[in-house]
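Here are my notes for a first look at this model. Please read them with the structure open.

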Amino acid sequence: MADVYINSKFVGTVEDLDSFISNVKDQRRNGALSEFVNIMKDDRANEVQIFCDEGRARRPLIIVKESKPLLTEKHIKQLTDGEITWADLIRQGVIEYLDAGEEENALVAYNETQIVPNTTHMEITPGSITGITTALVPFGSYNQSSRLIIGSKNQKQSLGFYAANYHLRMDMDANLLHYPQFPIVKTSLHDVTDYDEHPSGQNMVVAVMCFDGYNMEDGVILNKSSVERGLARSSYFRPVSAEELRYSGGLVDTISVPDKDVKGYRSEKDYRFLEGDGIIYPEATVDEGDVIIGRTSPPRFLSGLDEYNLSAAIRRESSISLRHGERGVADFVVITENEEGNRLVQVRLREERVPEIGDKFTSRHGQKGVTGILVPSSDIPFSVSGIVPDLIFTPHGVSSRMTVSHLLELIGAKVGALSGRYVDSTLFEAEHEEDIRKELLASGFREDGTETFYDGRTGKQMLARIFVGNMYYLRLRHMVANKMQSRARGPIQLLTRQPTEGKAKEGGLRLGEMEKDVFIAHGASLLLKERFDSDKAVLPVCEKCGLVAVEDHYKNRKYCLMCGEDINVSYVEMSYAFKLLLDEIRSLTIYPRLNMVNKY
Amino acid sequence: MKADNEKLIESYSDKLPPSVLEEIKVGVPGTISKEKLIQILDRSILVYKNAKVHAGECVGLVSAESIGEPGTQMTLNTFHFAGVAEMNVTTGLPRIIEVFDSRKIISTPSMEVFLNSKINQDVEKVRQLASSIKETRFGELVSEYSLNIFEQTLGIKLNSEIIADKGLTTKDIVKLIKAKVKNFEVESKSDEIIFTQKSKSEDIKDLYGIKEKLKEIKIKGLKGIVQVLPVKRGEEYIILTSGTNLKDVLALPEVDGTRTVSNDIHEVREVFGIEAARQAIINEVYKVVESQGLNINIRHVMLVSDLMCVGGVVKGITRYGVVSEKASVLARASFETPLKHLINAALEGEIDNLTSVVENVMINQPVPIGTGLPGLVTKMK
């Protein structure tokens, strides 16, 4: 006697547990029950759990009966001829989906050779232990598992052909790779997922060598001439939007070219791209500070009396302009309305991104690197046959990370390029290394993939032979153009008078606690003071009470809130943050008195 | 070495430390001319002066960073040697924190008891001594308790094997117990002791109470020494203990008091004084540093140890210890619990003379270190 639960609800009991389970399974396989039903036997609790609800992760497996997989050569022929489909296989009870529960009762063989008498299922492919992106890593079975994870994570950040209707979309931070290619070294997942419809990298000629140290510590060197011919070039899209908000009292924003008497009017030059409707015209090349969408808003804080006031009629300028350090081309303009029915204007900006120093590249093996330099092809080392690499990768990145697949792809794609074919590198089912090497040898190259190289600058032969081949390289979305920032002067925080923080606010780079310690340890006392001068303040201090006094420049008088007008004031230099501290101490009802003595 | 050369070297004793002079004395050839020896000595003075810390050098911060930076590489986990004949003593970062915080109760107090040459080669004698040091409590000797509620008696059966092993007799034990237990009649039969309540009170609690109290009575050994382990260290046998009692251990005639150490800094200070405690801190910290394979100059540790011991008592690098002694209110407030320090300063009307580093960084004035230290003195006419 065993309890039966359906979707975790008790429904009854059965006498013969095993025959009940096999009965349910048979009925599912012959179509009497829905294929979405899964049944699990829990021996310890002596109960059966039947699930048919949503939200279970299930995966397909080939059913094995009497040590023979039900999927036969006949099925495969029918499938390739298009006579039957996947759904037919499920209907015929050849393949079924198991959920996590039912998997507990199944014995799954990796392949036919592993089938034993009590095997219940067989994997469709042993590579199905990975997910889609991980299966896109070529020669994955030659790697440490963590490298596969890193490799698949990198691929998710790559630029490619993300959507065929990109020109109609308003995606935030969209990137589009120019001239994307299908990888020479592919896996079966590339075919299954129609990777050629949305590729995200390019096949590059890669040399594994050092070159003046510009690729040390995970750097890569790019061939400047290749880049000028369009290698890894991409476009960056960013929408700018403005809506006509409605305020209380029937006031609304208006999108238009602001009048000159508007409060906060910039300069005529800033509005030069706007057309009559207050919106930029397409294909205008804009730079930082240029207005994209002109807009004015009603004045803030209208009190009753102000309505008759002349100044109340003055509207506020609230145009959308390019932020500090941004540039681009107005690509596409949309005028529409949002959910609340307000007029909404969106302008998509486009910017061509040519690879530059600091841009991030990766192969599909978790071997990411940052561009260290772009070298003209005349200076780059070249092979006997005149092959010049597009990218130079450092050999030091391989030894500790043990990404054998990286090396295999290099040699595999070289063979693929020479033979004019794609090389299969599906997980556990890849082409064999020996075969690839033999084919390379047959093509007239050294079978280990190395070639004699010459230094492009001197023309001298290099001492070592260079491991060179092709690789599918991806450009990642982290580009310096989005991140670079510097500042000499700029905005400060109101409260502390110290520089703002972060790129968006044009902030400074903080000289932190540990950096401060460096100055002290070097005894560079006065340098330290200068570095911390960002919030320097010279304040009048009342000599009588030692508190900060008030200096009224308009009326040209000084007074102390404690002692009144009849005081002597000393000017004391300190950081504004300290003045703030004194104020806060005072708020604790503690009297922080500054005792002043002459410095000299 | 000619006598006048030796005299010459000695005449430099006010300019060079004895160790350097000794090195020169041993190092130079005996046939050296007087002029050359003077040259060597003068040059030595120059090198010696250069090697000294310069005025205005920020030794404290350099020490702090020099210990702190390798500290980040230290393994947080202490290693455990299961089954190996070593005691499990806290090492690594937890131990360093413990020492620098100057904790009163440390997580693994232990001693290394060295023995004098009479017995330190004899394993058997060392083992005997070890087991005689170990604190034995009455509870360990008991095999059975039987509480008779009707007659209000507590019968205790002793484990004769253990007693024999410890070299005790039931008689001794009863004697010891009688001295400690009041209000109870104590009778003893071979290996059983029976306690009968004198005043036939109805309260059973007293019987339970006496049972728990009895367990804790010390029968033998030195108080606090929980475990002993004789091990071979080099050519001799020493005793490692878990739990410390330095004072009593040193009183034993077999113990070599010149080498025996405890890892409890406070105990070392009580027994040997502050100078020993200072050295104990250095030793304990450096032991950890070396065990982790780090390279910290011992002078940094010495400086910290000096700072902790300078007041004659061991103070930790905590807000209650060394930091609380800082002269500046602002410096103390910037460490921990700022409000407490500000309020107390306000109550006392404390004046901050801004003489140290932290407070000057706060108000953005030159810190009195390095280039900020010297001032200019002029005579005004």
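1. Start with a sheet in chain A. This is a predicted model. Four strands form an open sheet in chain A, ordered 2-1-4-3, and the pairing is mixed. Strand 2 (9–14) and strand 3 (38–42) of chain A are the edge strands. Each has a single partner strand, so one side of each lacks a neighbour in the sheet. On average, neighbouring strands are turned by 25° against each other, direction ignored.

2. Look at one pair in detail. Strand 1 (residues 2–6) of chain A runs antiparallel to strand 2 of chain A, with five bridges between them. Opposite V4(A) is G12(A), in strand 2 of chain A.

3. Next, the helix on this sheet. Helix 1 (residues 17–29) of chain A lies across strands 1, 2, 3 and 4 of chain A. Its angle to strand 3 of chain A is about 165°.

4. Now the interface. In chain A, 22 residues contact 22 residues of chain B. Helix 13 (513–521), helix 14 (525–531), strand 34 (569–575) and helix 15 (576–587) of chain A each give two or more residues to this side. The chain A side has 12 nonpolar, five polar and five charged residues. For the complex, the predictor gives an ipTM of 0.79 and a pTM of 0.76.

5. Where is confidence lowest and highest in chain B? Strand 5 (residues 184–189) of chain B is lowest, with a mean of 77. Helix 14 (residues 298–309) of chain B is highest, at 96. The average pLDDT of chain B is 86, and 95% of the residues score at least 70.

How values were computed
Residues are numbered from 1 along each chain as its sequence is written. Chains are lettered from A and ligands numbered from 1 in the order in which they are written. This is a predicted model: local features need pLDDT of at least 70, side-chain atom pairs count only at pLDDT 80 or more; totals for chains, interfaces and linings use all residues. Two residues are in contact if their C-beta atoms, placed from the backbone, lie within 7 Å. Ala, Val, Leu, Ile, Met, Phe, Trp, Tyr, Cys and Pro count as nonpolar, Asp, Glu, Lys and Arg as charged, and the others, Gly among them, as polar. pLDDT is the predictor's confidence in each residue, from 0 to 100. Two strands pair if DSSP finds at least two bridges between them. Axes are lines fitted to C-alpha atoms, for helices over the stretch in contact, and angles run from 0 to 180 degrees between N-to-C directions.
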